[in-house]
Protein chains: 2
Amino acid sequence: MTSTDSLGVMHGIRNVKVVKSLLANNDLVAEANRQTFAAHGVLAINIIASPGAGKTSAIIRLIQALEGRARIAVIEGDIAGSIDTEKVLAAGAADAVQINTGGGCHLEASMIQQALDDLDLGQAELLIIENVGNLICPNYWKLGEQLRLCLASTAEGHDKPLKYPDVFAASDVIVINKSDLAELVDFDRKIFIELVRALNEHAPIFEISCRSGAGVAELAEWLLAQRG
Amino acid sequence: MTSTDSLGVMHGIRNVKVVKSLLANNDLVAEANRQTFAAHGVLAINIIASPGAGKTSAIIRLIQALEGRARIAVIEGDIAGSIDTEKVLAAGAADAVQINTGGGCHLEASMIQQALDDLDLGQAELLIIENVGNLICPNYWKLGEQLRLCLASTAEGHDKPLKYPDVFAASDVIVINKSDLAELVDFDRKIFIELVRALNEHAPIFEISCRSGAGVAELAEWLLAQRG
């Protein structure tokens, strides 16, 4: 658990030297986290998405899809509360830790480092980190993850890669959630995929419905295969 | 038009003195903006919402609902692109200016001040400012608006006030969009309203569907009445 002074998360800082130094320090801690994950043979996945895109539901579906084959530990990042940690533990997470950012708009590597003190990585093959709901800020702070997963829901519209290009460009895998709503909300997957491909040539794109479970097995298989 | 160095928007700054000074400066510019709005008899509304909640669609619906009764100028805040400005002008906005934050996660008062150079406030009774899609960071930066409007879509789930409390606490009016999807996505308006009321006793809560137009007239009337 960790908490950031709420003033520490207000942005638009133009003091480039301060910011560069903070990011450089973050990168060092992220590298240490990455080594910790490697030492435990754990594949760490950083999920970045808008509020309400279905991050927690996707984690629960992945835990269920891999039951008996891979254990999943979870770090939940939220501004406040611990409801998501309770949910993933109830769903069968191997272990879970809540980080409350206290108003902060993203997780940082040092928060993950602290959370690892309370997490039994020996009990898991995958570690899923649910970042704070925000398509912008989390993209600038590496956590040490081996995979960055960008989750977008059909209800947000197919133009999201155009509006928030950086996260779609920097992610290793793109997941479209709420596929069951696609027709109802006029989500045009062809346009969405074209917009993603203009930013990111290689990341696989999965389409799932956390409501029905459609597509989750394919995503789970792919993630597991990345553990190598 | 304004553009921020992309490093200027990376956050988590712990240098509280720097941040306090930046916010204090922002407040001064916001106050100057507020006086500009008052001098023109314009009611300025700052819309804060997640990506894909329906900010632009709501603005288009409000322009249509008030056609012939009140003219609406628009400032569109986006990381990149000008598609929303084109949309609101096509829908009949009195005038519109695009701000590209160049990666930045929120608008600042100085960006609005610059945008006002290109905007004919004499042509409008309302000014709607569409902030960058983000429920967290925009809440800390005043723009000089008289009304802060928090827009949440049913597809995001009824737990959003619990997860992102600050913006629901600080807003003058709360709007639930995509009411037509409420049943399909198991959105429980009773829970949502209870969560909002625990944070914010007085802000009126409207429910609209930008798809069908339901509820838009009531919201438009209320906004117009706030102009006084």
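Mentor: Gladly. Let us begin with pairing: two strands pair if DSSP finds at least two bridges between them. Keep in mind that this is a predicted model.

Trainee: How do you know that strand S5 and strand S6 of chain A pair?

Mentor: The rule asks for at least two bridges, and S5 (residues 147-153) and S6 (residues 173-177) of chain A have five, in the parallel sense. Within S6(A), Asn177(A) is the residue opposite Ser153(A).

Trainee: What makes S3 and S7 of chain A edge strands?

Mentor: The sheet of chain A is open and has seven strands in the order S3-S2-S4-S1-S5-S6-S7, with parallel pairing. S3 and S7 (205-207) of chain A each pair on one side only. On average, neighbouring strands of this sheet are turned by 20° against each other, direction ignored.

Trainee: Which strands does helix H3 of chain A lie across?

Mentor: H3(A) lies across S2, S3 and S4 of chain A, and runs at about 165° to S2(A).

Trainee: Why are the buried residues of H3(A) said to be on the same side?

Mentor: H3 (residues 83-90) of chain A has Asp84(A), Thr85(A) and Val88(A) as its buried residues. They cover an arc of only 100° around the axis, so they are on the same side of H3(A). As background, an α-helix has 3.6 residues a turn, so residues three or four places apart point the same way. The cover over the buried residues of H3(A) includes helix H2 (55-65) and strands S2 (72-78), S3 (95-100) and S4 (126-130) of chain A. After H3(A) comes Gly92(A), with a positive phi near 110°.

Trainee: What makes 17 Å agree with a compact globule for chain A?

Mentor: Chain A has 228 residues, for which a compact globule would have a radius of gyration near 17 Å; the value for chain A is 17 Å, so the two agree.

Trainee: Which residues touch the most other members of the largest nonpolar core?

Mentor: Ile72(A) and Ile72(B) do, in a core of 134 residues. Another core, of six residues, lies apart from it, with Ala155(A) and Phe187(B) among them.

Methods
Residues numbered from 1 in each chain as written. Chains lettered and ligands numbered in written order. Predicted model: local features only at pLDDT ≥ 70, side-chain atom pairs only at ≥ 80, totals over all residues. Rg over C-alpha atoms; globule rule 2.2 N^0.38 Å. Buried ≥ 20, exposed ≤ 12 C-beta atoms within 10 Å, placed from the backbone. Helix = DSSP H or I, 4+ residues; strand = E, 2+ residues; numbered from the N terminus. Arc of directions from axis to C-beta. Contact = placed C-beta atoms within 7 Å. Axes fitted to C-alpha atoms, helices over the stretch in contact; angles between N-to-C directions. Core = buried A, V, L, I, M, F, W, Y, C linked by C-beta atoms within 7 Å.
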